[in-house]
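Here is my note for your review. Please read the points with the model open beside them.

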Amino acid sequence: MKKSISIAFIFCLFLQNVLAQNTDFRNQMNTIFEYVDLSQVPSGILFDYGLNLVDDSLYNGTVTNDNILSPQVWKSLYTDLWSSQVTTTGSMPDVEDINAAIDTHASEEATVVPVLFYEYHRISSNALDNNLLYISNDQLYDTPGRTESPYIGQAAFAASAMQSRFDTDGTVNFVFQQDCYFTNSGLSVSSIAVDADDGQGYRQAQWGLPFLCSYNTDGDKDVKVKFTFSDSSVLYCQ
């Protein structure tokens, strides 16, 4: 008998060019930041400049009760980051390029799991109080001669799957492909581990090799992903 397995991974659906349809928003943000030297944002991605569709702080590489990803949250998070690019340093791939990379693996037996890991910045909550930036006529300005940056570093980490529901005999295959790993980090990936909620705990996965999950029962499964990097740092998502 086939089982219906619903994986709490997220499949990869991307918003089309959101900003092209929201010129009023972009014009407003350009006016607010008109006199700010955005070249001082180290990552080239300033979250305050983007759409802010989701609470980015929830998806920082830790697992909590509040940050189970859904398809809508994942695509909103990506869109937030993409819309937050303020210089060419950000250089996130366009939606079309990401979809093309993922579509390359659409016919494979294993379901591809794209991953994003982006370092970005936001304005410090104390930037105005500490006179790092100031407001005049509803516009932001750099404070001349400041000795401290108003921008604080952040990181977003998320894994998705192209399919989240399976009618199966209990076996599901995923695969991580290096051309579907999207990042601006200089760190290399040392290891990938997956807890497929199949009772076996975290198991190692490899780029390009199918990861087999076997389930004895149907229903919702909460899949967790763990990436370890070359500096020994570890990020998780679910």
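Between which two strands is the loop that holds Asn 137? Asn 137 is found in the loop between β4 (133-136) and β5 (139-142). Helices and strands here are DSSP runs, numbered from the N terminus: helices are H or I with at least four residues, strands are E with at least two.

1. **Basis.** This is a predicted model; local features need pLDDT of at least 70, side-chain atom pairs count only at pLDDT 80 or more, and totals for chains, interfaces and linings use all residues. Residues are numbered from 1 along each chain as its sequence is written, and side-chain values use heavy atoms, with hydrogens and water left out.

2. β4 and β5 pair in the antiparallel sense, over four bridges. Two strands count as paired if DSSP finds at least two bridges between them. Leu 133 has Asp 142 of β5 as its bridge partner. The hairpin has two residues between the strands.

3. **Backbone of the turn.** Asn 137 is not a glycine, yet its phi is positive, about 55 degrees. Asp 138 is found in the loop between β4 and β5 as well. Its phi is near 65 degrees, again a positive value in a residue other than glycine.

4. **Accessibility of the turn.** Asn 137 counts as exposed because its relative accessibility is 69%. Asp 138 counts as exposed at 68%. The cut-offs on relative accessible area are under 20% for buried and over 50% for exposed, with partly exposed in between (1.4 Å probe, protein chains only).

5. **The four-strand sheet.** Strands in the order β11-β10-β14-β15 form an open sheet with antiparallel pairing. At its edges are β11 (202-205) and β15 (234-237), each pairing on one side only. Neighbouring strands are turned against each other by 25 degrees on average, direction ignored. For such angles, axes are lines fitted to C-alpha atoms, for helices over the stretch in contact; angles run from 0 to 180 degrees between N-to-C directions.

6. β10 (residues 189-195) and β14 (residues 224-229) run antiparallel and are joined by six bridges. Ile 192 has Phe 227 as its bridge partner in β14. As background, strands of a sheet pair through backbone hydrogen bonds.

7. **Helix α1.** Which residues of helix α1 (residues 23-32) are buried? They are Phe 25, Arg 26 and Met 29. Seen down the axis of α1, these buried residues fall within an arc of 95 degrees, so they line one face of the helix. The arc is that of the directions from the helix axis to the C-beta atoms.
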